[in-house]
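I opened my notebook to look up a few things in this structure.

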Amino acid sequence: MNSDIVVIGGGITGIAIAHELAKRGEEVTVIEKRFIGSGSTFRCGTGIRQQFNDEANVQVMKRSVELWKKYSEEYGFSFKQTGYLFLLYNEEEVEQFRENISIQNRFGVPTKLITPEEAKEIVPLLDTSEIIAASWNPTDGKADPFHATTAFALHAQEMGARILEYTEVKDIIIADNEIKAVKTNNGVIKTGIVINATNAWSKLINAMIKLPIRIPIEPYRHQAIITQPIKKNAINPMVISFKYKDSYLTQTDHGGIIGGIGYEVGPTYNLTPSYGFLREVTTYLSKIIPSLRELLILRTWAGYYAKTPDSNPAIGKIEEINDYYIAAGFSGHGFMMGPAVGEMVADLITKGKASLPVEWYDPYRFERGELRQKALQMG
Amino acid sequence: MRPLDLYEKDSSKRITIYFEGKVLDAYDGEKLPVALLANRIYWITTSLQGRKRGAFTFGPLPVVINGVKNMNGRKTAVRDGMRIERQNYGEFQEVVEIGENKETIQEVVDVAVIGGGMAGIGAVLELQEHLTVAIIEERGWLGGAMSLKGITQEGFDGSPREVIDELTSKFNENVKVFKGTISLGVFDEGEYFLVPAVKKGQLIEIMAKKVILATGAVENILLFENNDFPGVFRLDFALEVMNKWGVAPGRKVAIVGRRPERVIPELEKWGIEYVVVPNPKRIEGEEGVERLIDMNNNVYEVDAVIMSDYRIPDINPVTQAGGKLTFKWGYYVPVIDEQNRIREGIYVAGSVTGIKPHYANYLEGRLVGAYILKEFNYKSTPAVYREKLEKYEPEALPPLHVDFKAMDLKDVQICGCDVDLKKVDDVVKQGITDLQIVKRLTHLAMGFCQGRFCLFNGAILVSQRTGKEMSTIDLPVARPPLKNVRVKALAKEG
């Protein structure tokens, strides 16, 4: 089998990249060891936000939201712009968020600082007794990660992309620093271009090519909870509270309240949900929305955050090995970035440069000791 | 006597309750759905998509009690003057009182037994002389599935109630009994296993060196149109209302499913009129079952339908605890070693390992108890129990054939959370056979029961539509909490 381009990993990132490449007429094959969207995408908490604290992420997410809007309409999956609401409890936090908001506003993201009363109008169930303000952007939103990934995959296939499920990469064959082929459990695929979009597993793929630089991406266990479904529109936006252990929570399309906290374990590939998380998540989420106390918990589960030291992904071309690219290490906010990452990587491959500020995610920054300002991370 | 009372109840306990404003007779401490049933009220709640539901098949039972929404009707005992109203699944209590959280109770024991049926009782009796034991049972009483039976069971002398009372009266001071208590799962903490449990909102952390899952089996849910309608009874609920509470499921009931003999003697004992309908197609009625139509379009005028089919092991506790499954005897059972362990320190006993008579489950409980005693260096004789147990080959479940063509699949509910057979079938027909994906696309097994009553049927559907062997279908693993628990039971104060 031959393919000009091989994307390793069939999560939202790999699929979005293949989708964009196929759209540009490139011959692309996605190799996924289980099924499309089966990794962290399958376990992800739905949120899509533009409220970041640096220029690059704000611009990238502004573009991503445009693409979420466009493709959800074209492909008919649900993307709801129900906003993100960051609850703020003291002057220091407010000051920090004023700065973030001014960066966001500069790039056309209409975030504003609102009062507790206004926050309560948006989420009537909120306990506002402790908050002094909130950061609110009504154009942020949420989508079902699995449905969205499936929709991108179907349309990528319609445009000619090949998607091989239950196909695992065993090795990458290189000669004279040129990629020759990708060896899988289902045969060899001859190719000259490989993109590592395996996020939590990216170090395994990097090891196959003996990556000459250090890209520290490690899997961490994060967990989530879902309650019984309640009537629609009870909690529309994603509600964030850094004070209460980096909590996030919102209501899914189906009606359940989904959420998580900053309860990180790792590095580890162990995904067994823990009792400690159950205790903490119930404690913190019910401080934000007291009526959660009376809801039934249906389930908890775990997934990976593929973390880098500055919580920003590594996206770019590896110079030492011809046509090896990486797009991994999304540190808990990779789903939302998916469509924009697809565009950036496709730009790098087809044009050699990207219109979005991809340099921020330079894979060489760790080697050079140029960590970025830590990206805002939830959960 | 109320319309469906099987006998006169203790008049000193007579109280008045109100359902949707209507005045009803009830008896203090009676379970809410039983009190309503005695008054011939079947429809108690409404699903998210507006389907009328009763208390005796799958799905949750949220009701408004004295103005408080989203109370669990099944776990509510009626009290004098109680006002009960219907609600939709989606209604919840928006304004809540924030009381002080109760201090968590901690218990340290040698062995935690999850499940208070005959296997759990057998294990306790074997262990109690030398070891400390906690036994956790969700129902308000011990005895498990046997406690619901009204007639003498093979291997035991005397009525089920007498046998259970006699055995449990032997429990000594080494045994802590937690009735009306749900266990949330088993967590490996290295030095010990943590079994968090909740009793009436109180969190109890049980720390144990060994765990026995004696968690039993569940009734197989049959697939026919409106199988979720008020007046449809899972067999365990039908037995409970008759034998525990003295209330008939209906005046004239239809028995559907492949094992009518599991319920016929019980109905005959109470003199309840019944008809056996081997091939049900559809149920119709306004607020409860009025008629059952079979595949040959015969119409039966009945007011209740009892599903009397096979039982299948409840595999959720097994997979949550880290056990693996295999397909044997027509259903999924835990993979066990020569000592009935699913992994180091965690044992299984009773119908969770295979469907067999109550007495065999009791023996298996004693057997794993004996293995554990040996582990603790006490003398025991597991071989004696092993030999007796070998006489009981677990019951085989013949493959179920769903007649897809004969039914309107939109009306057939596979899961209590508004997942109909058509939704699942459409996904499978697209070529999706991985239950993980089916689950995500249809919401199958993502509701209140975590697949306890629907995953098996999901696997059957995949197998029948694709020809894939049941043994090659992987079931999604159960995640904690094993049973639904309110957020406030786990939240810490401060």
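**Entry 1: between the chains**

I began with salt bridges, and the rule finds four across the interface of chain A and chain B. A salt bridge here is a side-chain nitrogen of Lys or Arg within 4 Å of a carboxyl oxygen of Asp or Glu. I noted one pair in particular: B:Glu94 and A:Lys231 join their side chains in a salt bridge, 3.3 Å from N to O.

Before going on, I wrote down that this is a predicted model, where local features need pLDDT of at least 70, side-chain atom pairs count only at pLDDT 80 or more, and totals for chains, interfaces and linings use all residues. Residues are numbered from 1 along each chain as its sequence is written, chains are lettered from A and ligands numbered from 1 in the order in which they are written, and side-chain values use heavy atoms, with hydrogens and water left out.

Next I looked up polar contacts, and 20 residue pairs make one between chain A and chain B, both residues at pLDDT 80 or more. A polar contact is a pair of N or O atoms within 3.5 Å; within protein, one must be able to donate a hydrogen and the other to accept it, and residues adjacent in sequence count only if both atoms are side-chain atoms.

Which elements of chain A supply at least two residues each to the side that touches chain B? I found helix H5 (145-158), helix H7 (275-288) and strand S18 (296-307). Helices (H or I, at least four residues) and strands (E, at least two) are DSSP runs, numbered from the N terminus. H7(A) gives the largest share of that side, eight residues.

**Entry 2: how much is covered**

I then looked up contact, meaning heavy atoms within 4.5 Å: 35 residues of chain A meet 41 residues of chain B in this way. The two chains bury about 4100 Å² between them, 60% of it on carbon and sulfur atoms. Buried area is the accessible area (1.4 Å probe) that two parts lose on being put together, summed over both. A:Tyr275, A:Arg293 and A:Glu294 supply 20% of the area that chain A buries against chain B, more than any other three residues.

**Entry 3: a helix in chain B**

I turned to helix H11 (residues 455-466) of chain B, which has 12 residues. Is it mostly covered or mostly uncovered? Mostly covered: nine of the 12 residues of H11(B) are buried, that is, under 20% relative accessible area, with exposed over 50% and partly exposed in between (1.4 Å probe, protein chains only). Among the buried ones I listed B:Phe456, B:Ile460 and B:Val462. The buried residues of H11(B) pack against several elements of chain B, including strand S28 (413-415) and helix H9 (421-429). Just after H11(B), B:Gly467 takes a positive phi of about 80°.

**Entry 4: backbone notes**

A reminder to myself: most residues other than glycine have a negative phi, and most peptide bonds are trans.

I found a cis peptide bond between A:Gly266 and A:Pro267, with omega about 0°. A:Pro267 sits in the loop between strand S17 (257-260) and H7 of chain A. Another cis peptide bond joins B:Pro480 and B:Pro481, with omega about -5°.

A:Ser311 is not a glycine, yet has a positive phi of about 60°. A:Ser311 counts as buried, at 1% relative accessibility. B:Glu20 also has a positive phi, near 50°, but B:Glu20 is partly exposed, with a relative accessible area of 42%.

Note on methods
Expected span 1.5 Å × (residues − 1).
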